[in-house]
Amino acid sequence: MSRNVGTQVTIDALKSRGVEIEDIADLTFFLQKDYISDLNMKQCIESVERVLTKHEVQNAILTGIELDTLAEDGLLKRPLLDVIQRDESLYGVDEILALSILNLYGTIGYTNYGYIDKLKHGILGPLNDKSTGKVNTFLDDLVGAVAAAASSRIAHNHDGELYS
């Protein structure tokens, strides 16, 4: 699959924050493996890459990464700086940005997102580790949303095994 400029910029931004396509595909696989017996990582990587071609997804990711980076560098005004640096549970704007990705792929994405966000499986664990000094308030939710969207995409495109 050839990548357009926006997709490549988004992938590069994710990489700059320590997230690889394979990390997101691992989450996608985790979400769908119990429902599709012949699912493989290649399919999950392809689905993640397809999700990342959407302009809405690119915009959400780039916005979230920029806000995380600004907070990490102390370049936001208080009290917003403190809220984002601490990833306060009642902030919710990070989840709202992630939900904009899920809107593109139907309601199954919401269930998948909630599940993966609660478990902190795979790359989501390290992204939520506050002891590193990194601010990933938005990134962890966006990565979970891309994985959930890619998982939903696979479920929708599967030829019936999921619903039989």
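This is a predicted model: local features need pLDDT of at least 70, side-chain atom pairs count only at pLDDT 80 or more; totals for chains, interfaces and linings use all residues.
Student: How many helices and strands does the protein chain have?
Tutor: Read along the sequence, the pattern goes α-α-α-α-α-α-α-α-α. So by the DSSP runs, the protein chain comes to nine helices and zero strands.

Student: Why does the radius of gyration agree with a compact globule?
Tutor: The C-alpha trace spans about 50 × 30 × 25 Å along its principal axes. For 164 residues, a compact globule would come in near 15 Å, so the protein chain agrees, with its radius of gyration of 15 Å.

Student: What share of the contacts with a separation of 6 or more comes from residues 24 or more positions apart?
Tutor: Count a contact when heavy atoms are within 4.5 Å. Take the contacts in the protein chain with a separation of 6 or more; residues 24 or more positions apart account for 75%.

Student: And what percentage of the 164 residues is buried?
Tutor: Buried here needs under 20% relative accessible area. The accessible surface of the chain is about 8,200 Å², with 54% of that belonging to carbon and sulfur atoms. As for buried residues, they make up 46%.

Student: How far apart are the centres of the positive and negative side chains?
Tutor: The protein chain carries 15 positive and 25 negative side chains. The centres of these two sets are separated by 2 Å.

Technical notes. Residues are numbered from 1 along each chain as its sequence is written. Side-chain values use heavy atoms; hydrogens and water are left out. Helices (H or I, at least four residues) and strands (E, at least two) are DSSP runs, numbered from the N terminus. The radius of gyration is taken over C-alpha atoms; the globule rule is 2.2 Å times the number of residues to the power 0.38. Buried means under 20% relative accessible area, exposed over 50%, partly exposed in between (1.4 Å probe, protein chains only). Accessible areas come from the Shrake-Rupley method with a 1.4 Å probe; for residues, only the protein chains shown count as cover. Lys and Arg count as positive and Asp and Glu as negative; His and the chain ends are not counted. The place of a charge is taken as NZ of Lys, CZ of Arg, CG of Asp or CD of Glu.
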